[in-house]
Amino acid sequence: MELLLKRHTTTPLSTISDLYIDGVFQCYILEDTDRWLRSEMTLTTMYKIKIRGATAIPTGRYKVVISYSNRFRRYLPLLVNVPAFEGIRIHPGNVPADTDGCLLPGTQIGKRDDMVMASLKAFQILMLRLTSVEKKEEIWITVTRK
């Protein structure tokens with residue numbers, strides 16, 4: 001399964017993206033602010049640019065696995081080997097304070113660009129899609145900018 005995250009709206013607090021599964025729009029995603037990190041940068045460069053808890057993950061391609069999160073006490077999608085980041089998950093949340101680098105799905109963009117709506121609903125639908133294939137095929141996500 002191929003996920004494609006296309007970033008399109010960045011504010012000082014957040015980034016809004018469109019998430020596609022196998023080429024079909026799935027939902028919106030809220031992340032921290034895109035500071036133009038790229039997976040091919042050196043870790044030293046990334047750490048100079050990154051602001052902990054306020055920076056979106058680097059663009060690039062990452063494997064996604066479903067694993068148990070001690071923090072959230074449930075199974076969640078985890079992006080594997082994201083340079084300069086650890087524990088990047090996809091989970092429900094609506095505002096930048098909920099992200100800490102993670103990807104927050106939503107069915108709608110809020111009235112202001114720093115918010116997604118109906119996150120739990122979007123997450124549940126996304127999780128069903130991911131868990132239905134995780135035992136049969138690998139799941140990958142490519143993070144890009146429009």
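In the hairpin of strand 4 and strand 5, four residues lie between the strands, and arginine 73 among the hairpin's residues takes a positive phi near 55 degrees. Strands here are DSSP runs of E with at least two residues, while helices are runs of H or I with at least four, and both are numbered from the N terminus. This is a predicted model, in which local features need pLDDT of at least 70, side-chain atom pairs count only at pLDDT 80 or more, and totals for chains, interfaces and linings use all residues. Residues are numbered from 1 along each chain as its sequence is written, and side-chain values use heavy atoms, with hydrogens and water left out.

Let's follow strand 4 to its neighbours. Strand 4 and strand 5 run antiparallel and are joined by six bridges; two strands pair if DSSP finds at least two bridges between them. Strand 4 (residues 60-69) also runs antiparallel to strand 9 (residues 139-145), with five bridges joining them. Valine 64 has leucine 79 as its bridge partner in strand 5 and isoleucine 139 as its partner in strand 9. Glycine 60 has valine 143 as its bridge partner in strand 9.

Seven strands form an open sheet with mixed pairing, in the order 5-4-9-1-2-3-6. Strand 5 (74-79) and strand 6 (104-106) each have a single partner strand, so one side of each is left without a neighbour in the sheet. Neighbouring strands are turned by 30 degrees against each other on average, direction ignored; axes are lines fitted to C-alpha atoms, for helices over the stretch in contact, and angles run from 0 to 180 degrees between N-to-C directions.
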